[in-house]
Amino acid sequence: MKTDLIVIGGGPGGYLAAERAAQGGMSVKLFEEASLGGVCLNEGCIPSKALLHSAKVYDYALFGEAYGVKSQGVTFDMGAVVKRKDKVVRTLVAGVRSALKSNGVEVILKRASIVGKTQDGFAVEADGERYVADRLLIASGSKPAIPPITGLREGMDRGFVLTNREVLNLSEPPANFVVIGGGVIGLEMASYYRSAGSAVTVIEMLENIAGQTESEIASLLLKEYQKKGVVFKLGAKVVEVVDGGLIIEIAGERERIEADVVLLSAGRKPVIDGLGLETLDVKTERGAIVTDTHMRTNIKNVYAVGDCNGKSMLAHTAYREAEVAVNHMLNNPDCMRYSAVPAVIYTNPEVACVGETEESALEKGIQVKVVKLSMRYSGRYVAENADGNGIFKLIVHEKENRVLGVHMIGSYASEIIPTASLMIESRAPVKDLQKLVFPHPTVSEILREALFAVN
Ligand code: NAI
């Protein structure tokens with residue numbers, strides 16, 4: 001039977017699109033070949049946060065003396081930590097399943113491929129069965145990028161080199177944990193395994209960590225990691241994966257790095273192969289599906305949201321893109337903007353950023369005012385962080401006096417950043433934002449302090 005919409009992929013982009021479309025009155029079938037919730041829920045955002053929280057609880061217990069709490073005999077039971085993580089994932093996957101069901105979405109747990117367009121509509125096949133719909137929404141996600149390093153694939157085959165999926169399930173901290181790529185995944189896992197007791201080395205080919213993160217914040221994060229004992233090899237090239245280690249090249253010299261476990265976190269790439277995109281001539285560029293601001297592809301009534309369009313590989317971007325796509329299908333005015341999409345690194349301390357940095361604004365020819373404050377301007381931050389040295393940066397449009405960017409490193413950063421996104425999206429002048437009342441004492445008050453420091 002023909003449906004209004006077929007969704008391919010049950011991650012955040014796919015499942016939310018299916019829910020919203022069904023709520024809007026459409027009949028929807030959703031295909032998922034693995035587990036509902038996609039990478040985010042099963043092997044990304046959620047399980048990593050569960051692990052990192054256990055690491056944080058352990059760190060608090062170990063280093064509680066600064067707060068007058070002495071503890072003895074504290075241990076990190078990684079088996080129990082992983083078990084708890086699995087329970088969190090199971091709970092949330094069940095939540096997605098029941099939300100889809102209660103909205104009337106038909107979930108088909110099979111791999112689907114597009115087979116073309118007929119006069120009945122778009123045709124999709126799964127397990128030899130054919131399904132037809134008026135519209136398609138592709139939310140096929142992403143997979144780890146595998147750089148051409150000698151011995152890397154063999155290392156992956158023998159379980160020595162892991163990806164974001166397997167690295168979540170170790171039952172013991174490896175003695176030597178080595179990370180290829182000092183981006184978000186690499187840093188979060190480096191933090192987890194360091195807290196758990198591993199010796200950790202991060203190999204990054206650039207001169208700083210954390211990719212697009214504002215450079216001063218990234219440098220401070222690097223120092224915080226070094227304080228915890230994580231070793232960084234910056235500007236380093238991995239030449240070869242060998243038995244029990246890696247060969248890297250740094251400053252023209254070759255060096256062997258011993259490893260018991262290696263994590264490959266050198267970026268991700270959209271999943272586009274095997275979807276049958278060629279049967280419709282869906283346009284792709286540099287390995288990603290090309291979309292416009294309504295998440296339309298070049299083919300009428302075919303949409304692509306989330307990592308598969310390669311625009312901003314974040315679950316929260318996928319959510320919003322899903323809503324934009326469905327709004328277009330339902331003729332509700334809407335369009336996608338990426339200028340206030342926040343990015344968070346959930347380490348301890350947390351990093352959160354949104355909008356322009358001083359450098360990116362200047363590159364666009366926008367003159368900005370920059371306010372930089374110590375996080376210690378917040379009373380609650382001082383009360384809770386014995387030796388915290390976090391910083392906060394506010395980027396303001398010089399002429400229009402409105403917020404363009406916020407970048408911070410310190411506790412609760414991830415929970416504060418949406419307020420900053422709202423400030424950017426609202427385009428409200430600083431003098432109006434100054435009238436907002438913040439609860440006291442909160443770390444979020446740093447935002448208020450910064451607004452009053454704009455001259
Ligand atoms: P990434 O793009 O964040 O970082 C990859 C890093 O690897 C870069 O710094 C790059 O310079 C380095 N690199 C690449 N090839 C290398 C090589 N051969 N040797 C040494 N270094 C090399 O990618 P990552 O960490 O794999 O994350 C993938 C995606 O998942 C990102 O798009 C990220 O936004 C998303 N993600 C988001 C999280 C969050 O929001 N907290 C958490 C985890 C992932």
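Trainee: In this predicted model, which residue of β24 does V351 stand opposite?

Mentor: V351 stands opposite I409 in β24.

Trainee: How do you know that β21 and β24 pair?

Mentor: Two strands pair if DSSP finds at least two bridges between them. Five bridges join β21, residues 351–355, to β24, so the pair meets that cut-off. These two strands run antiparallel.

Trainee: What makes β23 a partner of β24 as well?

Mentor: Apply the cut-off of at least two bridges again. Six bridges join β23, residues 391–397, to β24, and the strands are antiparallel. L394, for instance, stands opposite V406 in β24. The hairpin of β23 and β24 has five residues between the strands, and N401 there takes a positive phi near 50°.

Trainee: Why is β24 called mostly covered?

Mentor: A residue counts as buried when its relative accessible area is under 20%. In β24, residues 403–409, seven of the seven residues are buried.

Trainee: Now to another sheet. What is the strand order in the open sheet of three strands?

Mentor: The order is β12-β13-β14, with antiparallel pairing.

Trainee: Why are β12 and β14 said to stand at the edges?

Mentor: β12 (236–242) and β14 (253–258) each have a single partner strand, so one side of each is left without a neighbour in the sheet. From one strand to the next, the twist averages 25°.

Trainee: How do you know that β13 and β14 pair?

Mentor: Six bridges link β13, residues 245–250, with β14 in the antiparallel sense, and pairing needs at least two. Among the partners, L246 has I257 of β14.

Key:
Residues are numbered from 1 along each chain as its sequence is written. This is a predicted model: local features need pLDDT of at least 70, side-chain atom pairs count only at pLDDT 80 or more; totals for chains, interfaces and linings use all residues. Side-chain values use heavy atoms; hydrogens and water are left out. Buried means under 20% relative accessible area, exposed over 50%, partly exposed in between (1.4 Å probe, protein chains only). Helices (H or I, at least four residues) and strands (E, at least two) are DSSP runs, numbered from the N terminus. Axes are lines fitted to C-alpha atoms, for helices over the stretch in contact, and angles run from 0 to 180 degrees between N-to-C directions.
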